[in-house]
Amino acid sequence: MKRQHIIIILLMGIGLSAQAQGLGGQVTGNIQLDGQISREDAVIGASDVPEWLLMNARADILYTNGNFSAGLRFEAYQNPMLGFNALYKGQGIANYFVKYGGEKITITAGNYYEQFGNGMILRAYEDRYLGLDNSLMGLNIQYRPFDGVTLKALAGKQRFYWNYGEGLVRGVDAEVSLNSIVKPWAEASTRVTLGAGFVSKYEADEVIASSVTGYKLDLPLNVGASSFRLDLTRGGWDLKAEYAMKGQDPNAMNDFIYREGSALFVSGTYSQKGFSANVQAKRVENMGFKSVRSQSGEMLYINYIPSITKTQTYAFLTMYPYATQNTGEMGLQGDIMYKIKKETLLGGKYGTDIHLNASLITGLDTTYVGGRGTEGYTSTYFGMGDTYYADASVEVAKKLSSKSKLVCTYGYQIFNPIVEGHAGELHHNHIVVADYTYKINRKNVLRFEAEWMGSDSHYDAEVDDKRAGDWIMGLVEYNFASNFFLSLSDQYAYNDGVGNYYNISFGYTHNATRLQLGYGKQREGLLCIGGVCRQVPASNGLTFTLTTSF
């Protein structure tokens with residue numbers, strides 16, 4: 001009998017046994033089905049797809065009874081949609097676990113997700129839209145001996161499509177709220193939380209030759225990473241900081257060099273009614289950390305480096321997303337939100353919201369000292385290298401009347417194609433967006449969106465980057481009672497670019513079920529969420545999504 005069948009029988013048996021004994025419990029779940037039909041389109045570079053229909057599907061089932069819970073996830077990729085790794089092809093039980101969660105201790109056996117601090121030494125998580133799942137299969141224990149103290153210990157192997165990576169991941173973490181354990185500080189207005197973690201991965205030896213001597217590299221079988229973090233708040237002020245270190249970890253991402261890694265992330269925030277400001281800074285050096293040293297794709301990452309660029313929502317502002325460079329980068333971001341009060345000259349009857357944001361990401365200032373099997377390079381800690389990415393934007397949102405609202409945005413971007421593995425000059429982009437919403441009545445809403453992007457980039461057939469050139473876009477969207485929507489949009493490269501990307505989308509929601517259909521063209525490029533990206537190929541055809549929960 002297959003492992004998956006045994007797991008299903010056991011979990012069903014637990015639930016049926018509980019119900020038979022009158023112990024109660026509850027079964028909940030959700031189902032999602034995504035499909036795609038694409039045809040060849042030489043103009044936008046969409047290849048012919050042998051299958052008539054590509055499909056990704058999943059069903060999550062959860063049983064809970066008091067402190068006990070058990071769950072599983074069934075996944076089917078028949079065959080995987082465009083942009084998802086072909087290794088996903090197939091179907092079966094991809095995730096299963098049992099969990100006990102008491103007042104002081106929580107124990108999970110099976111597949112689990114976990115994060116230490118900001119994730120710089122450990123973040124096991126899933127993002128279905130990126131096709132990313134680096135869950136751990138093993139044991140995860142959280143212990144709260146008393147109020148304000150949380151201890152974690154875990155061990156397991158990471159999911160690798162339908163299998164598990166050979167590397168063994170082990171970690172411990174502690175977080176302490178000083179205000180909870182130091183009685184005189186219990187009512188203090190200043191709140192202090194400290195944390196520290198350690199993660200180790202073990203992987204068997206293998207033969208990898210040095211580029212200098214030609215001899216086999218002496219690979220470390222155990223690689224450790226540690227971090228220390230601080231969270232300090234007082235009134236409207238909040239300061240978060242974390243510093244991480246990683247031992248020698250020659251791997252495919254750094255071309256098997258022996259330089260140690262480090263990362264620093266600092267975030268400061270101030271907020272009060274009508275105003276907030278945030279500044280973030282980070283420096284990352286050789287922090288690509290995987291459980292299998294030979295892997296360079298999106299899977300098997302043990303850690304996660306937070307992105308400090310703004311998460312944009314409009315099409316042209318997301319056309320050149322920035323992917324975090326784990327091998328080395330440093331950056332700074334500032335963000336300000338301010339509400340001009342009502343009944344003032346600029347605020348008017350309803351007030352005006354202003355959002356300012358700017359960021360700069362550069363490489364490190366490094367000096368090459370050798371290739372594979374050596375230290376690789378030296379670096380200065382605060383020295384900046386080439387500009388990787390920079391942007392600045394201002395967004396003004398104003399309610400014009402009880403039925404209408406206008407949002408206007410201007411953005412400026414500098415993008416270095418080297419972060420995507422391409423040579424070329426820096427791209428400089430100017431983007432203007434106008435977003436107008438009109439509420440016809442209580443149930444009917446219309447939204448109009450217009451965008452323009454002017455760029456000094458030009459389409460080059462050898463590079464084949466179809467984002468190049470100057471673009472315009474228009475969108476019309478109609479919503480009815482949050483149950484139904486219809487959207488029409490078109491993006492057109494009118495100068496020095498290639499493509500006319502039209503889309504028609506329809507959505508319908510009834511209780512917990514939602515159906516969305518779309519037809520049109522998808523431009524080739526990167527889909528990024530939080531600085532983690534996957535390549536999306538060009539497509540021309542129909543897509544649909546069906547979701548429901550119970």
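Which residues are linked in a network of salt bridges? In this predicted model, local features need pLDDT of at least 70 and side-chain atom pairs count only at pLDDT 80 or more, while totals for chains, interfaces and linings use all residues. Residues are numbered from 1 along each chain as its sequence is written, and side-chain values use heavy atoms, with hydrogens and water left out.

The network consists of Arg58, Asp60, Arg73, Glu75, Glu126, Asp133 and Arg159. A salt bridge is taken as a side-chain nitrogen of Lys or Arg within 4 Å of a carboxyl oxygen of Asp or Glu, and the structure holds 31 of them. Between Arg159 and Glu75, the closest N and O atoms are 2.9 Å apart. Because Arg159 lies in strand E11 (residues 149-160) and Glu75 in strand E3 (residues 68-77), this pair ties together parts that are 84 residues apart in sequence. Strands (E, at least two residues) and helices (H or I, at least four) are DSSP runs, numbered from the N terminus. Arg159 is buried at 1% relative accessibility, and Glu75 is buried at 2%; buried means under 20% relative accessible area, exposed over 50%, and partly exposed in between (1.4 Å probe, protein chains only).

Lys152 forms a salt bridge with Glu114, with 3.0 Å between the closest N and O atoms. This pair links distant parts of the chain, Lys152 being in strand E11 and Glu114 in strand E6 (residues 114-115), 38 residues apart. Lys152 has a relative accessibility of 17% and counts as buried, as does Glu114 at 8%. A salt bridge also joins Glu203 to Lys201, the closest N and O atoms again being 3.0 Å apart. Glu203 is buried at 7% relative accessible area, and Lys201 is buried at 2%.

Asn251 is placed in the loop between strand E16 (237-246) and strand E17 (261-272). With a relative accessibility of 4%, Asn251 counts as buried. A polar atom of the Asn251 side chain lies 2.7 Å from the backbone oxygen of Asp249. Beyond its neighbours within four places in sequence, Asn251 is in contact (heavy atoms within 4.5 Å) with Phe256, Gly288 and Arg293.

The structure holds one disulfide (a pair of cysteine sulfur atoms within 2.5 Å). Cys528 and Cys533 are joined in this way, with an S to S distance of 1.9 Å. The torsion about their S-S bond is about 105°, so the disulfide is right-handed. Cys528 is partly exposed at 21% relative accessibility.

Technical notes
Polar contact = N/O pair within 3.5 Å; in protein donor to acceptor, adjacent residues only side chain to side chain.
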